[in-house]
Amino acid sequence: MHDPYVRVRGAKTHNLKGVDVDIPRDALVVFTGVSGSGKSSLAFGTLYAEAQRRYFESVAPYARRLIHQVGAPEVEEVSGLPPAVALEQRRSAPTSRSSVGTVTTLSNSLRMLFSRAGSYPEGAGRLDSDAFSPNTPAGACPECHGLGRVHTVTEDSLVPDPSLSVRDGAIAAWPGAWQGKNLRDILDTLGYDVDRPWRELPRADRDWILFTDEQPVVTVHPVREAERIQRPYKGTYMSARRYVLHTFADSKSAALRARAERHLVSADCPVCAGRRLRPEALAVTFAGRDIAELAALPLAALAETLRPAREGDGVAAALARDLVARIEVLTELGLGYLSTDRPTPTLSAGELQRLRLATQLRSGLFGVVYVLDEPSAGLHPADSAALLTVLDRLKAAGNSLFVVEHHMDVVRRADWIVDVGPRAGEQGGQVLHSGPVEGLADVAESETRRFVFPEAAQAPARTPRKASGALRLRGVNRHNLRDLDVDFPLGVFTAVTGVSGSGKSTLVVQVLADTVAAHLDGTQDGTEPVAKADGLEAVGRLVRVDQKPIGRTPRSNLATYTGLFDAVRKVFADTDEARARGYSAGRFSFNVAAGRCEVCQGEGFVAVELLFLPGTYAPCTACRGARYNPETLEVTHRGATIADVLDMTVDAAAGFLADVPAARRGLRALQDVGLGYLRLGQPATELSGGEAQRIKLATELQRAHRGHTLYVLDEPTTGLHPADTEVLLRQLHGLVDAGHSVVVVEHDMDVVAGADHVVDLGPGGGAEGGRVVAAGTPGEVARAAGSATARYLAAALGR
């Protein structure tokens with residue numbers, strides 16, 4: 001008989017507790033549950049991983065090595081599972097060369113169109129499609145290597161204060177400490193006046209000191225200091241420009257590179273005028289424009305330009321038809337405001353996932369399981385309808401959709417719901433309900449139930465707080481923001497809303513946060529300020545909390561990132577046994593040779609490279625995953641070794657370390673943001689974006705606050721279950737009650753409804769956006785005409 005279900009038996013991936021569950025195929029199935037409950041472990045870690053493992057068994061062993069493999073899941077049996085395609089919200093770090101065009105492969109078709117059907121200048125030979133790509137040697141502008149920007153230094157960027165002398169630190173770009181003193185001593189030896197104010201030095205001297213490529217070697221006789229004997233030495237001079245460019249290009253230290261970058265001025269490449277290509281490629285046109293002009297058009301406008309070329313049966317018509325059809329899917333998903341040359345790092349996780357989704361829609365696959373990770377993340381409620389249409393089309397084409405989702409509108413539209421819980425981490429990992437959505441109403445222990453079926457009586461609406469001042473930005477120009485004037489009140493909770501692509505993140509994360517940071521650092525990097533700002537003196541500190549990973553290797557973990565581990569190591573170093581053996585706190589670090597297990601170098605596991613199968617990690621045979629050598633583990637505190645403490649959850653550690661003030665504050669902050677279920681030693685690589693963001697927030701919450709702090713958060717509720725959102729909001733409102741300011745970019749209307757002040761951007765995305773449509777209390781914005789947000793906000797206020 002044909003079995004219409006995928007049947008999972010004995011799933012134990014991550015925190016799943018031997019889960020047995022049946023899930024229908026050819027349906028929209030939603031996996032819900034609080035953050036960390038195990039829903040991704042079931043959807044991605046078990047179902048997708050098992051589908052991929054089976055696919056690999058049919059692939060030639062040699063080819064297996066070339067494909068990234070997820071690894072085999074811990075599950076007894078899965079039956080009825082079709083081939084699967086995963087669309088994850090990868091928070092990878094794409095390079096500036098990656099763009100909308102390369103992700104969707106629209107660039108390939110556009111280059112082919114110019115190569116085969118472009119209008120060439122008279123006498124010019126036909127160029128290969130590679131010659132139209134800024135990412136190939138054949139196409140890249142030789143001056144900027146296809147990046148479109150060049151980095152240089154100017155006298156102003158190297159010497160911010162010309163009233164100082166060289167000895168007093170006029171050349172701010174030079175290194176500090178001994179290396180900077182060395183360069184000053186060399187200049188002195190070469191006969192330059194290092195005690196005159198910089199502005200009084202002759203122009204020729206200033207130019208040589210800053211910009212020369214010469215590297216003279218001289219004998220330096222240091223000024224003798226009473227307490228130190230200093231012998232003469234040979235010193236090599238390096239100009240300020242050479243030092244900055246060399247550090248920026250070659251230094252392994254992120255801090256040094258960031259310091260050097262402050263003295264660089266970025267400008268459009270003088271050869272290609274920022275268009276990234278060689279002159280011969282830019283000389284070819286189609287519909288009267290070169291490829292850089294077409295790539296800069298929003299997708300909706302690009303489709304309009306190409307439409308007339310679809311008629312006929314030549315190469316140009318075939319390519320134009322393909323391009324227009326693929327762009328229409330993107331505009332349907334609300335991405336018509338993006339241009340093909342838009343760099344991928346500037347896209348939100350939600351935009352990137354929808355680009356991948358559109359590519360899949362065009363692939364025409366049939367009978368496949370699509371496993372999606374929160375496709376509604378970063379979507380304005382007005383855009384969610386288009387997403388649901390696309391999901392319906394994928395299902396209608398004969399595919400199954402397994403979606404991990406927190407957006408209740410998507411959940412209510414599902415054919416089937418799998419609710420995982422009841423709580424997070426160790427207290428989760430069980431399937432509470434698997435069946436039609438209505439059935440969830442009878443599951444008392446489900447955290448999701450009250451949000452899918454909201455009770456009539458909710459908490460009364462808050463009265464908006466009164467502002468203590470305001471940050472005023474005037475004449476903002478960046479991306480699609482044009483001469484924008486906007487006020488951010490201080491001492492209140494401000495939410496910035498608007499459809500996807502309306503300019504929210506640009507305004508808050510780039511303009512507002514960068515302007516405040518530049519004021520606090522006292523630096524201007526030599527580029528023209530993006531906006532005039534007023535009221536900056538009221539802010540004493542800036543805290544940005546984003547969803548970037550807290551570490552890239554398993555060595556970075558919850559305890560090391562928050563600074564908790566320092567307190568824990570000190571507790572162990574203060575035990576009688578440790579003192580008797582002469583062990584310092586350093587002995588209890590798994591990154592230091594003295595105390596760690598040398599077989600696994602303190603990692604707790606060893607990578608097992610299987611030539612033709614997914615590489616796996618096996619617990620280290622010497623320390624059995626404890627990370628430390630036997631001598632270190634002989635030291636205990638209340639019967640527990642340091643490895644035992646790393647294995648505790650935050651909740652367990654809060655009881656165990658209750659009498660250690662330095663640890664207690666950090667653990668309470670983690671519990672306050674709802675992360676009590678995480679283990680102290682949990683590797684950073686295993687944390688979700690939402691968890692990483694809350695860890696950063698907890699790290700901030702445990703610090704002693706001095707002065708007025710501005711907290712900037714970009715979509716803090718992305719990846720959070722509504723129950724976790726409530727916990728997070730309690731913390732953020734607590735910061736405002738303590739006298740600070742919070743500005744969030746947000747799509748969750750329940751969060752916006754609880755704000756004191758709302759700034760709504762729009763009315764559309766891209767060129768259609770970038771204006772303030774409405775600003776005021778949530779009630780005022782909900783009544784604003786012409787706002788795409790108003791009716792959804794009014795509905796949330798009604799709830």
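Guide: With a cut-off: a residue is buried under 20% relative accessible area, exposed over 50%, and partly exposed in between. This is a predicted model. P121 has a relative accessible area of 34%, so P121 is partly exposed.

Visitor: Where in the chain does P121 lie?

Guide: P121 belongs to the loop between α4 (106-117) and β6 (149-152). Its C-alpha atom is separated by 50 Å from that of Y55, and the two residues are 66 apart along the chain.

Visitor: How many residues of strand β22 are buried?

Guide: The cut-off for buried is under 20% relative accessible area. In β22 (residues 741-745), five of the five residues are buried, so the strand is largely enclosed by the rest of the structure.

Visitor: Which residues point which way from β22?

Guide: S741, V743 and V745 point one way, while V742 and V744 point the other way. Residues on both sides of β22 are buried.

Visitor: Which strands pair with β22, and in what sense?

Guide: Strand β16 (residues 493-497) runs parallel to β22 and is joined to it by four bridges. Strand β21 (residues 709-714) also pairs with β22 in the parallel sense, over five bridges.

Visitor: What is the bridge partner of V496 in β22, and what is that of D714?

Guide: For V496 the partner is V745. For D714 the partner in β22 is V745 as well.

Visitor: Which helix makes a β-α-β unit with β21 and β22, and what is the handedness of the unit?

Guide: Helix α27 (residues 722-737) makes the unit with β21 and β22, and the unit is right-handed.

Conventions: Residues numbered from 1 in each chain as written. Predicted model: local features only at pLDDT ≥ 70, side-chain atom pairs only at ≥ 80, totals over all residues. Heavy atoms only, no water. Buried < 20%, exposed > 50% of the residue type's maximum accessible area, 1.4 Å probe, protein only. Helix = DSSP H or I, 4+ residues; strand = E, 2+ residues; numbered from the N terminus. Pairing = 2+ DSSP bridges. Right-handed = clockwise from strand over helix to strand, strands pointing away.
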